[in-house]
Amino acid sequence: MGIPSGSGTEILKRTNITAQSNTETAFRWDGTQATTGTSSYTVPANHIITVLSVIISNEGSDTELVLMKANVATLGDCFLLQEQSIATKETFVFSDKFVLAAGDYLQVNCASAANIDFYLSYIDQDFS
């Protein structure tokens with residue numbers, strides 16, 4: 001985990017995952033879009049991520065069940081959303097703030113084949 005040393009940056013950023021289906025995908029924290037189905041992206045060393053909000057939009061034609069979990073490097077999975085129902089063409093906003101540290105990851109998934117978009121805003125504190 002990043003330990004403030006008196007220097008570093010704190011930047012407001014955003015990232016997204018589009019066309020999420022039923023394969024776990026982790027968010028990336030390097031300014032590029034995650035490849036759907038890649039679940040191994042983690043928070044880099046010497047970074048603290050504060051997630052501000054996640055906007056979830058169902059672009060498909062059926063109601064979908066969405067999950068979102070944080071994996072805390074030393075504690076394991078913590079489910080933030082478990083089978084959240086989102087109707088077709090509906091938007092759901094997760095606005096509870098939470099923190100991820102180096103080695104943690106944030107994954108999303110759907111219970112069945114779907115077309116869900118995720119838009120995430122966050123603060124990246126970089127102490128490297």
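# Asn 46 and the strands around it

Guide: Asn 46 is found in the loop between β2 and β3. This is a predicted model, with residues numbered from 1 along each chain as its sequence is written. Local features need pLDDT of at least 70, side-chain atom pairs count only at pLDDT 80 or more, and totals for chains, interfaces and linings use all residues; side-chain values use heavy atoms, with hydrogens and water left out.

Visitor: Why does Asn 46 count as partly exposed?

Guide: Its relative accessibility is 33%. Buried means under 20% relative accessible area, exposed means over 50%, and partly exposed lies in between (1.4 Å probe, protein chains only). Asn 46 therefore counts as partly exposed. Its backbone also deserves a look: phi is near 65 degrees, a positive value in a residue other than glycine.

Visitor: What makes Glu 83 count as exposed?

Guide: Glu 83 has 54% relative accessibility, so it passes the mark for exposed. Glu 83 lies in strand β5. Its phi is positive too, about 55 degrees, although Glu 83 is not a glycine.

Visitor: Why is Ser 53 called buried?

Guide: The relative accessible area of Ser 53 is 17%, so it falls on the buried side of the cut-off. Ser 53 lies in strand β3 (residues 47–58). Leave out residues up to four places away in sequence, and Ser 53 touches Phe 94, Ser 95, Tyr 119, Leu 120 and Ser 121. A contact means heavy atoms within 4.5 Å. Gln 33 is 20 residues from Ser 53 along the chain, and their C-alpha atoms are separated by 17 Å.

Visitor: How do you know that β4 and β5 pair?

Guide: Two strands pair if DSSP finds at least two bridges between them. Strand β4 (residues 64–72) and β5 have eight, in the antiparallel sense. With three residues between them, β4 and β5 form a hairpin.

Visitor: How many bridges join β2 to strand β8?

Guide: Two bridges join β2 to β8 (residues 105–110), and the strands run antiparallel. The pairing rule asks for at least two, so β2 and β8 count as paired. Ala 26 stands opposite Gln 107 in β8.

Visitor: What is the order of strands in the open sheet?

Guide: The four strands are ordered β2-β8-β4-β5, with antiparallel pairing. β2 (25–26) and β5 (76–86) stand at the edges, because each has a single partner strand; one side of each is left without a neighbour in the sheet.

Visitor: How many helices and strands are in the protein chain?

Guide: Zero helices and nine strands. Both are DSSP runs numbered from the N terminus: helices are H or I with at least four residues, strands E with at least two.

Visitor: What share of contacts joins residues at least 24 apart?

Guide: The share is 72%, among contacts between residues at least 6 apart in sequence.
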